[in-house]
Amino acid sequence: MAAAASSANTLADVNPTERSTVASPGVPIVPASTSRLLRSMPLLPGHIFDFEKMTLKNHRKSHAFDFCNHVSVFNMEKPGIGGKVLHGQTSARIATSVEMYPRSSSSTVLGEAAPAWLAFDRKVLRFYAYFQEAVHEKREEKYRVRRVNIYFYLEDDTIHVSEPKYANSGIPQGTLIRRHRIPKDNSTNGQHFLVTDLNVQKEVTFYSRTFKIVGCDHFTREFLTNLKIAVPPSGEFPQDPYQVERSELLGRMQATRPYVPNTSLKNFLENDRRVLRFYCIWDDTNTVFGDVRHMVVHYYLSDDTIDIHECIPANSGRQSSSMFLNRCRLPKHATPGASSLSPNIPTEYFSDRDFTIGAVLHLNGRPFVICDCDGFTREFYREKYGLENFDPLRFEDYDLPASKTMLSWLSAAGTNGVGAGAKSDKNHHSDGHIRNILIDVGKFFRESALAWFSYYDIESIDAILVTHGHADAMLGFDDLRQWTMDAKVHASIPVYLNVATMAVVATTFPYLVDASLATGGGQVPSLEFVVFEKDASTNEYNSIDIEELRVIPFDVEHGTAGDQPYYSLGFKFPGITYISDTNRIPETAMSLIQDSDVLVLDGLRESEHSSHFSVTQAIQHALILKPRLFYITDFCHDVEHSKVEERLRLHPELNEAG
């Protein structure tokens, strides 16, 4: 009771002015009448009042008990009655870094502040640090300097510490501290590290291990600067004495038995799923019904294998599968028809160094012209080989390749007019239509006509020139019957030839010369034979105009007949010379054809022949005549077209027109 009285007297002695100085902020002052009433009240339980509670405007109690995921929980952060902070609640509160982040209009969603997990998703601060680890009972090293990366996740203040892996370190490396909120050592309420606790040149202690931060990345520096936190310049990692000594030792070591290392596994791990892509053209027009085909070549860097896909256009009539060659390693010099089980297996294969734009690669014996590549392939060659020029070739240039060009399409009107697909007004008739002049009607004329006439839309044969009286030049005369039958295409076709060839035709096809000699009642071709005339003074053939085209025939030697030379005809058109069968060109003929822009010359095989030029002889004569465009015809079966092309590329002056 004495204690109670003392308390009451103390309260009663305080006048209103003095009470106003000790009142809590925001709480109304107790009136004087209330103080007098309190002094008159007996000091008994129930008669003493807390005037601060009496003067509160809000007497509600906070909702602290709740359920979370069907589990009863107590929210310790809720205030007491009337919103008054409870004793010890301020010191127990755990701060977060989100309170320090600046607010902006971009961090609101539908008028409300975006949560931290959304506003700072995938935003991580990275610090470069190290810690020093003591090494006991080892003479070579006393301590180790271990470098780490400290990642601070802005969305939830979690920290992840990882050590980069070094080869042959002998230390378990990788994640040192898994991602979570790391509490401070001296914290009484479990306060964790905040964004302000990490900075360059600072030391932080995680679970009794001290890390020295020496640097950070660019994003981290900008973020801390926006928080008005000064970031010192980055420093350097201290050197580990043992690692320095080990590096010097490894640098002096050399293999006592050098051998070629097997880098297949390393190559696979470094280049898996890295593929070079090249867009190519395959000219298959040298075969019957062949054409220009667009191909895509994939080169796999992981194992140096190649596969080929064909770009099949719609409604082409080909099979729907685009796979042209399955993935495999391709040898550079594969022998056609050789078995893979042969002991002489080729060891040189195609590599990425062989693929360049404009190169012609013989993949499985087929010439592929590399016209272009994709962006990744350009970047690969730019980084590895320092190449800068990746100008693509035009696919349109191969729509009418030179190997399919007909002489009636070639022009002699300058360099730009020479080449595949270049038409000349000089080769047009005065009526505006193109005339078709056929040279020789050999024993395979029918098959060739079926293959090429429809391709070039040839619907007429306006004249025929015959070089000589052999089967490969005239044995197809009888197949011309469909062109003159019932005069549906032509009433007759003029045939130009020399006297010797005319005699052979009269003996071989007498019913073509004299229709009355025909037997069996069937129709025969209607042909008008015109024999070339010679100038009596010069013993040279006179020029003749055929369908408004000036043609000059001339003799070339084509083997022997007994002990005398056998002569075949060559033809000189405006700017074009055609010689299909010869083993010697006389001097007078060489002078006549010296100014030819286009030269078509016989080249039977690599070795010399008694009645034909070899490929070498044909090239030698072309170098003498110096045409702007040079073709070799009459290949034999043992001559590889690709190898002859490679030889011709050694003489660019023979292919000036491209």
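Leu276 stands opposite Tyr299 in strand S12. This bridge belongs to the pairing of strand S11 with strand S12 (residues 292-300), which is antiparallel and runs over nine bridges. Two strands count as paired if DSSP finds at least two bridges between them. Helices (H or I, at least four residues) and strands (E, at least two) are DSSP runs, numbered from the N terminus.

The model is predicted: local features need pLDDT of at least 70, side-chain atom pairs count only at pLDDT 80 or more, and totals for chains, interfaces and linings use all residues. Residues are numbered from 1 along each chain as its sequence is written, and side-chain values use heavy atoms, with hydrogens and water left out.

**Strands S11 and S16**

S11 also pairs with S16, in the antiparallel sense, over five bridges. Here Trp282 stands opposite Phe368 in S16. By the ring rule used here, there are 26 aromatic pairs. Rings of Phe, Tyr and Trp (its six-membered ring) pair if their centres lie within 6.5 Å; planes under 30 degrees apart count as stacked, over 60 as edge-to-face and the rest as tilted. Why is the pair of Trp282 and Phe368 stacked? Their ring centres are 6.1 Å apart and their planes meet at 10 degrees, so the pair is stacked. Trp282 is in strand S11 (residues 275-283) and Phe368 is in strand S16 (residues 366-373), 86 residues apart, so the pair links distant parts of the chain.

Arg366 is also in strand S16. Leaving out residues up to four places away in sequence, Arg366 touches Trp282, Phe324 and Leu361. Contact means heavy atoms within 4.5 Å.

One aromatic cluster is formed by Phe278, Tyr299, Phe350, Phe355, Phe380, Tyr381 and Tyr385.

**Buried or exposed**

Buried means under 20% relative accessible area, exposed over 50%, and partly exposed in between (1.4 Å probe, protein chains only).

| Residue | Relative accessible area | Class |
|---|---|---|
| Trp282 | 7% | buried |
| Phe368 | 1% | buried |
| Cys216 | 10% | buried |
| Cys373 | 4% | buried |
| Arg366 | 31% | partly exposed |
| Arg122 | 77% | exposed |
| Lys626 | 63% | exposed |

**Cysteines**

A disulfide is a covalent bond between the sulfur atoms of two cysteines. The cut-off used is a pair of cysteine sulfur atoms within 2.5 Å. How many disulfides does the structure hold? It holds zero. Cys373 is in no disulfide, and the nearest cysteine sulfur, that of Cys280, is 9.8 Å away.

**Two open sheets**

Strands of a sheet pair through backbone hydrogen bonds, either parallel or antiparallel. S9 pairs with strand S10 (residues 209-216) over four bridges, in the antiparallel sense. Within this pairing, Thr205 stands opposite Thr210 in S10. Axes are lines fitted to C-alpha atoms, for helices over the stretch in contact, and angles run from 0 to 180 degrees between N-to-C directions.

A second open sheet also has six strands, in the order S21-S22-S23-S24-S25-S26, and its pairing is mixed. Its edge strands are strand S21 (544-546) and strand S26 (629-633), and each pairs on one side only. Neighbouring strands are turned by 30 degrees against each other on average, direction ignored. S21 and strand S22 (residues 549-561) run antiparallel and are joined by three bridges. What is the bridge partner of Ile544 in S22? The partner is Val551.

**Charges over rings**

A charge sits over a ring if NZ of Lys or CZ of Arg is within 6 Å of the ring centre and within 35 degrees of the ring normal. The charged end of Arg179 lies over the ring of Tyr153, 3.7 Å from its centre. Arg327 has its charged end over the ring of Tyr300, 3.7 Å from the centre.

**Positive phi**

Most residues other than glycine have a negative phi. Arg122 is not a glycine, yet its phi is positive, about 65 degrees. Arg122 lies in the loop between helix H6 (116-119) and strand S5 (124-134). Lys626, also not a glycine, has a positive phi of about 55 degrees. Its place is the loop between helix H17 (615-625) and S26.
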